[in-house]
Amino acid sequence: MDNIITVDKLTKEYMTYKRGSSFSESLGAIFRRKKVSVLAVNNISFTVKEGDIAGILGPNGAGKSTTIKMLTGTLYPTSGSIRVMDYNPTRDRKAYVSQIGAVFGQKSQLIWDIPPVDSFKMNKAIYGISNKDYEERLKVMTRIFEVEDYITRPTRVLSLGERMKCEFIMAMLHQPKVVFLDEPTIGLDVIAKHNIREFIHEMNSRGTTFILTTHDLEDVEQLARNVIIINHGDKVFDGSLKELRNTLGEVKLVQLTLSKPLNELSIPGACIVERESELSITISVDLGVIGINEFISKLSDICSFTDISIKEMPMETIITHIYKSKEDDKQ
Amino acid sequence: MKRIKRYLLIYRECIRVAFASATTYRLNFFLNCIIMLLGDIVFPLITVLIYNSGAGFEGWSVYEVLLIQSIFTMSTALADMTFNGILWATMFAVREGNLEMALILPVDTMFILMARTFSIDAVGLFIGGFTIFTVSCINLPAPGIFMWLKAGALFITGLCVMMGIALFMAATSFKWVGNSRIPEIFESIKGFGKYPNNIFPKTVCIITSYLFPVAMIGYYPAAVLLGKEGSASFIVLIPCLLFLAAGILMYRYMVRLYQGVGG
């Protein structure tokens, strides 16, 4: 597959004001405000292939949303270049945005007082969608999302999950080739999240490329094939989900319910990482050092247990490790 | 041509949506119409009271002054309906960081913000202004067809000035975020357009005709209908159109600035 997005040495720096919270500082700010420069995105480069689902991860204030805004052409980069489908997003904004869709989890495109179907008609006019295409696409998407009943109710009476589904329909009516999702599942319950993820998979299977920023690691695990991690504006990881999982080595977590307490573990490549209680422990096993069969065999020799479960290393642990190790590198 | 047709279709859709929104809160719609009507109709009423007490503007009858004020009211109503919403839409979008939602649409940002804020609430105000205009016309000598055409052209130019003012106000909200007092300053200056221009000192006349051409909103179209325009009215067209152009350029510049500095 060809690259659909190419980002090269992208940097965004902007000036903002800083002031304290005390009365004297607020008073002083009336006359003079201290300007500070914020380096939101620092010299990052990456590519996204056509038909991919790429996740951009990072803690609050990492620069994910700024990156998405630059990718959608709504913010100018300070330096560096962006090519999306051979467009320069800021220079060719109008032509470019007609080819993309965007869903911002915390901002709405729907008009609050009227039913979503009226907002859809507004987008139909804005994107110049023919009646036939509009009817067909609306029918398909309302069926996938099962929203036929409530697209005719005022937006303000819909639940967050129902509104978010309508946001997706709004963003997809013109059949964009690339869709940017900024925290699309924020605040949603498990069923709504599941529906939205299913929809993304469905649209992706039809050829749409998705770029999503999220805090929800489940979104990444269930949707993304490739992951870019940004922290303090710097890119700290760029690779496949599998590569991300193997960052700490090929490690599995083994949870044990013991018959008798176990004080020490003397198996190479294994160590106790957590003691939930005297009889409940979690062991990490480095599969690069010892195979899982061999580990269980040795474990059976040194202790007896009544229950065992083997799990992947939690994504949270991996990502926290990446954040911390890069911060340590800087120091 | 295709582009104009598309923009007209979008505008038609926005009007439909505005109507749908207004009918959602029917009581609010009717109250808004009545309050706007009463608020702006009080002003011509004061003019009537002033003239009834024996005072007035020298050289101007009560119906002549009412004609100026009714044209000003109709212009304000049309501006409120069609483009004044851009000020609050911009102010809100910049403050909340929502301008991206307009920037991701494949249309002109200024156009879509104006179109989306189309409001029919001012229809009551327009009806009020038109009623006073009709009463004034009945009580004044009938203008010829050419005078009507000239007055119509100047009325549209007055709307251009109103649009320029709205754009200047909206543009300032990019820099002075959340400053809701800005419109009040512009409204005060706009007030000069409600009166016969020649009652003001010469400096004020020059400012309101050439620098900040608010006299075009009410005074000049009315002066044409009354046959009192002199030779200045068509020269005044130039600063009016320049004023609108400056407003558009400034607004576009500020949008680019927003794209450049936002985080």
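**View 1. Contacts across the sequence of chain B.** In this predicted model, take the contacts in chain B between residues at least 6 apart in sequence: 80% of them join residues at least 24 apart. Two residues are in contact here if their C-beta atoms, placed from the backbone, lie within 7 Å. As for burial, 47% of the 263 residues of chain B count as buried. A buried residue has 20 or more other C-beta atoms within 10 Å of its own, an exposed one has 12 or fewer, and a partly exposed one falls in between, again with C-beta atoms placed from the backbone.

Some bookkeeping: residues are numbered from 1 along each chain as its sequence is written, while chains are lettered from A and ligands numbered from 1 in the order in which they are written. Because the model is predicted, local features need pLDDT of at least 70 and side-chain atom pairs count only at pLDDT 80 or more, whereas totals for chains, interfaces and linings use all residues.

**View 2. The fold of chain B.** Chain B has 13 helices and zero strands. Helices (H or I, at least four residues) and strands (E, at least two) are DSSP runs, numbered from the N terminus. Along the sequence, the pattern reads α-α-α-α-α-α-α-α-α-α-α-α-α. The radius of gyration of chain B is 19 Å, close to the 18 Å from the globule rule for 263 residues, so chain B is as compact as a globular protein of that length. That radius is taken over C-alpha atoms, and the rule is 2.2 Å times the number of residues to the power 0.38. Along its principal axes, the C-alpha trace of chain B spans about 60 × 40 × 40 Å.

**View 3. Where chain B meets chain A.** Here 21 residues of chain B are in contact with 28 residues of chain A. On the chain B side, α1 (2-24), α5 (100-103) and α13 (237-261) each supply at least two residues. The largest share, eight residues, comes from α1(B). This side of chain B divides into eleven nonpolar, seven polar and three charged residues. Ala, Val, Leu, Ile, Met, Phe, Trp, Tyr, Cys and Pro count as nonpolar, Asp, Glu, Lys and Arg as charged, and the others, Gly among them, as polar.

**View 4. The two domains of chain A.** Chain A is split into domain 1 (3-8 + 43-245) and domain 2 (249-330), with bounds from an automatic or database domain assignment. Their C-alpha centres lie 38 Å apart. The contact takes eleven residues from domain 1 of chain A and eight residues from domain 2 of chain A.
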